[in-house]
Amino acid sequence: KNLTCCFCGCSFLGSCASLSGLASAGITMKYMRYLVDNCPPDHSAHQNCPTQDTWLELCPDLQSAQDCFKRWAHVLNTFQSTEWITIVVALP
C-alpha cells in the first residue's frame, strides 16, 4: 500500500510539473508574440516595449536592434511550429 501511495504521489507531482512547464511556455510565447507584433525597434511604440538598447542587450552577439528583432521573430515562428507537437507529447 505504501508503494502505491508513493507511485501516485510521484505521478501527481510529475503531472503538475508538466502542466507548469506548458503554462510557462505558453506565457513566454504570448510575450514573444506581443514583442514581435507590437515592438519593432525602429518605432517607439508602446510603453511596455524594449528600447533600442534593450534589444541589443537581449542579443549581445548581434550588432543591431533590428537583427535582434528578426532573430526573435524567427525563433517565435520555430516555437509555434513545434507548439502542438510539444503539447501532445507532454500531456499524459
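I take contact to mean heavy atoms within 4.5 Å.

**Ground rules.** I am working from a predicted model, where local features need pLDDT of at least 70, side-chain atom pairs count only at pLDDT 80 or more, and totals for chains, interfaces and linings use all residues. I number residues from 1 along each chain as its sequence is written, and side-chain values use heavy atoms, with hydrogens and water left out.

**Glutamine 52.** I began with its neighbours. Setting aside residues up to four places away in sequence, I found that glutamine 52 touches Pro41, Asp42 and Ala65. I placed glutamine 52 in helix α2. Helices here are DSSP runs of H or I with at least four residues, strands are runs of E with at least two, and both are numbered from the N terminus. I then asked how accessible glutamine 52 is. It counts as partly exposed, because its relative accessibility is 42%. The classes are buried under 20% relative accessible area, exposed over 50%, and partly exposed in between, with a 1.4 Å probe and protein chains only. I also checked glutamine 52 against valine 89: they are 37 residues apart in sequence and 38 Å apart in space, C-alpha to C-alpha.

**Asparagine 48.** I looked for this residue and found it in the loop between α1 (2-38) and α2. Asparagine 48 is exposed, because its relative accessible area is 57%.

**Glycine 26.** I found glycine 26 in helix α1. Glycine 26 has a relative accessible area of 29%, so I log it as partly exposed. The C-alpha atoms of glycine 26 and threonine 51 are separated by 24 Å, and the two residues are 25 apart along the chain.

**Whole chain.** I counted three helices and zero strands. The order along the sequence is α-α-α. I noted a C-alpha trace of about 65 × 25 × 20 Å along the principal axes. The radius of gyration is 19 Å, whereas a compact globule of 92 residues would have one near 12 Å. That radius is taken over C-alpha atoms, and the globule rule is 2.2 Å times the number of residues to the power 0.38. I logged 17% of the 92 residues as buried. Of the contacts between residues at least 6 apart in sequence, 48% join residues at least 24 apart.

**Confidence.** I checked pLDDT, the predictor's confidence in each residue, from 0 to 100. The chain averages 82, and 91% of the residues score at least 70. Confidence is highest in helix α2 (residues 52-58), at a mean of 86, and lowest in helix α3 (residues 65-90), at 82. My reminder: where pLDDT is low, the predicted coordinates should not be read in detail.
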